[in-house]
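Have the structure open as you read.

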Amino acid sequence: MKEVYKILELDKYELGIIINALNELRTKLIQEQRDTDAVDEVLLKALDAPEKKRYFHRDHFAEVG
């Protein structure tokens with residue numbers, strides 16, 4: 001079966017929320033002495049995700065009228 005990948009576009013604030021939530025989950029799993037491999041993997045992907053620059057033309061924001 002072919003794997004399906006999802007691509008998310010997140011700003012710095014949204015990425016911070018995800019990283020914080022994953023880190024809290026990881027901490028909880030460690031306290032419960034449970035395996036953290038899956039969370040570690042996703043956390044590293046979030047931290048190492050490439051950035052995509054967005055460029056806008058000034059005319060794009062010009063008032064219509």
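Leu8 is exposed, with a relative accessible area of 63% (exposed means over 50%, buried under 20%, partly exposed in between, with a 1.4 Å probe and protein chains only). Leu8 sits in the segment before α1 (12–31). Together with Leu10 and Ile18, Leu8 makes a nonpolar surface patch of about 270 Å² accessible area. For such a patch, the residues need over 30% relative accessible area and no salt bridge, and nonpolar side chains (Val, Leu, Ile, Met, Phe, Trp, Tyr) are joined within 5 Å.

A word on the ground rules: this is a predicted model, so local features need pLDDT of at least 70, side-chain atom pairs count only at pLDDT 80 or more, and totals for chains, interfaces and linings use all residues. Residues are numbered from 1 along each chain as its sequence is written, and side-chain values use heavy atoms, leaving out hydrogens and water.

Overall, the protein chain has two helices and zero strands (DSSP runs, H or I of at least four residues for helices and E of at least two for strands, numbered from the N terminus). Of its 65 residues, 11% are buried. The chain exposes about 7,000 Å², with 54% of that supplied by carbon and sulfur atoms.

Now the largest pocket, which holds about 860 Å³ of space. Its lining has 18 residues, and the closest to the pocket centre are Leu8, Glu9, Leu10, Ala49 and Pro50. A pocket here is an open set of points on a 1 Å grid where a 1.4 Å probe fits, with protein on both sides within 12 Å along at least five of seven lines; lining residues have an atom within 4 Å of a point. α1 gives the largest share of the lining, four residues, while α1 and α2 (37–48) each supply at least two. By type, the lining splits into 10 nonpolar, no polar and eight charged residues.

Which salt bridges turn up? A search of the whole structure finds two, each being a side-chain nitrogen of Lys or Arg within 4 Å of a carboxyl oxygen of Asp or Glu.

| Salt bridge | N to O distance |
|---|---|
| Arg26 and Asp40 | 2.5 Å |
| Arg34 and Glu32 | 3.1 Å |

Arg26 in helix α1 and Asp40 in helix α2 are 14 residues apart, so that pair links distant parts of the chain. Arg26 is partly exposed at 28% relative accessibility. In the other pair, Arg34 is exposed at 52% and Glu32 partly exposed at 38%.

Finally, have a look at Gln33, in the loop between α1 and α2. Gln33 has a positive phi, near 55°, in a residue other than glycine, and counts as exposed at 75% relative accessibility.

Definitions and conventions
Patches are made of residues with over 30% relative accessible area and no salt bridge: like charges are joined within 9 Å, nonpolar side chains (Val, Leu, Ile, Met, Phe, Trp, Tyr) within 5 Å. Accessible areas come from the Shrake-Rupley method with a 1.4 Å probe; for residues, only the protein chains shown count as cover. Grid points are joined across faces, edges and corners, and a volume is the space filled by probe spheres set on the points. Ala, Val, Leu, Ile, Met, Phe, Trp, Tyr, Cys and Pro count as nonpolar, Asp, Glu, Lys and Arg as charged, and the others, Gly among them, as polar.
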